[in-house]
Amino acid sequence: MKNLPSHVAIIMDGNGRWANQQNKDRLFGHKQGAKVVREITEYAREIGIKALTLYAFSEQNWNRPQMEVKGLMNLLKEYLTSEKNTILNNNIRFSCIGNLGKLPKIIQESIVFLTNLSKNNDGMDLCLALSYGGKEEIIDAVKKISEDCMSGKIRPEKINNELFDSYLYTKNLPPPDLLIRTSGERRISNFLLWQLAYTEFYFIDVPWPQFSKEHFLMAIESFEKRERRFGLISTQLKEI
Ligand code: FPP
């Protein structure tokens, strides 16, 4: 494949609606969604994607009914155990972004364990956004930068895009080239607000539990046809 996106981010939307359509509870949708996470992760690795970031639980999702939050946390706990071999066998480096301190202790420990265990892998980065909010990430960065300014570690005039990047949760990842959102909604929902500045968007009506390798490939093919200008004009790109 030519012009493959290096970093793909996905808003995995539609689990609840998909489940309700079949008179099942929302957790049934999340369980099916977790299976799709495995399938798409393996496929992305297979076709040579270098980084995959998945929006698995937002800062705002804490306000869902407690039954659903609990169910999602259990699913996450299971996932972190059951996916260990998939991650290691596929040479994947695992990481998480978000306000991880809010997660149950046992999940925090599993994250640290899997992150350390896979830290030298270099086949693909798999990053889960958990308890994540884009605005919250930016505020956190601003707080840390302010502290470092006050302690004299950095001077305010040194603040630029690169420095700001280095204060974000995503400091070890390049910005996404392609963002996919399933289930027909066309919004960002507080995901990677800073990092999506020049990302190509791909929206698909299919709910996440029905999202397949074929759909993923359609998104990649759509990306490959696009011209990314980064604020320049077409002829300038040919000169680079
Ligand atoms: C959005 O669907 C999905 C979520 C809030 C959770 C995403 C979780 C998974 C895909 C499964 C668990 C993930 C891992 C990594 C184990 P929604 O519930 O907002 O659906 P709706 O818009 O139809 O209500």
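User: What makes H2 and H8 oblique to each other?

Analyst: In this predicted model, the axes of helix H2 (residues 26-47) and helix H8 (residues 213-224) come within 10 Å and cross at roughly 45 degrees. Angles under 35 degrees count as roughly parallel, over 145 as roughly antiparallel, 65 to 115 as roughly perpendicular and the rest as oblique, and H2 and H8 are therefore oblique to each other. The axes are lines fitted to C-alpha atoms, for helices over the stretch in contact, with angles from 0 to 180 degrees between N-to-C directions. Helices (H or I, at least four residues) and strands (E, at least two) are DSSP runs, numbered from the N terminus.

User: Which residues in H2 meet which residues in H8?

Analyst: With contact defined as heavy atoms within 4.5 Å, Glu39, Ile40, Tyr43, Ala44 and Ile47 in H2 meet Lys213, Phe216, Leu217 and Ile220 in H8. The residues of this contact of H2 with H8 divide into seven nonpolar, no polar and two charged, where Ala, Val, Leu, Ile, Met, Phe, Trp, Tyr, Cys and Pro count as nonpolar, Asp, Glu, Lys and Arg as charged, and the others, Gly among them, as polar.

User: Why is H2 called roughly parallel to H3?

Analyst: The axes of H2 and helix H3 (residues 66-82) come within 10 Å and cross at roughly 25 degrees, and that makes H2 roughly parallel to H3. The contact includes Leu27, Ala34 and Val37 of H2 and Leu72, Leu75 and Tyr79 of H3, and its residues divide into six nonpolar, three polar and four charged.

User: Why does Gly134 count as buried?

Analyst: Buried means under 20% relative accessible area, exposed over 50%, partly exposed in between (1.4 Å probe, protein chains only), so Gly134, at 1% relative accessibility, counts as buried. Gly134 has its place in helix H6 (residues 134-150), and, residues up to four places away in sequence not being counted, Gly134 touches Asn190, Leu192 and Leu193.

User: Is Asp148 buried or exposed?

Analyst: Asp148, which lies in helix H6, counts as buried because its relative accessibility is 15%. Leaving aside residues up to four places away in sequence, Asp148 touches Lys153, Ile154 and Tyr167.

User: What makes Asn91 partly exposed?

Analyst: At 25% relative accessibility, Asn91 counts as partly exposed. Asn91 is found in the loop between helix H4 (84-89) and strand E3 (92-97), and has a positive phi of about 60 degrees although it is not a glycine. Most residues other than glycine have a negative phi.

User: Where is Ser189 found, and why does Ser189 count as partly exposed?

Analyst: Ser189 is found in the loop between strand E5 (178-181) and strand E6 (200-203), and Ser189 counts as partly exposed because its relative accessibility is 33%. Ser189 too is not a glycine, yet has a positive phi of about 50 degrees.

User: Which residues touch the most other members of the largest nonpolar core?

Analyst: A nonpolar core is a set of buried Ala, Val, Leu, Ile, Met, Phe, Trp, Tyr and Cys residues joined through side-chain atoms within 4.5 Å. Of the 43 residues in the largest one, Val8, Ile10, Phe94, Ile180 and Phe216 touch the most other members. A second, separate core of 14 residues includes Ala129, Leu173, Phe191 and Leu192.

User: How are the residues numbered, and which limits apply to this predicted model?

Analyst: Residues are numbered from 1 along each chain as its sequence is written, and side-chain values use heavy atoms, with hydrogens and water left out. Local features need pLDDT of at least 70 and side-chain atom pairs count only at pLDDT 80 or more, whereas totals for chains, interfaces and linings use all residues.
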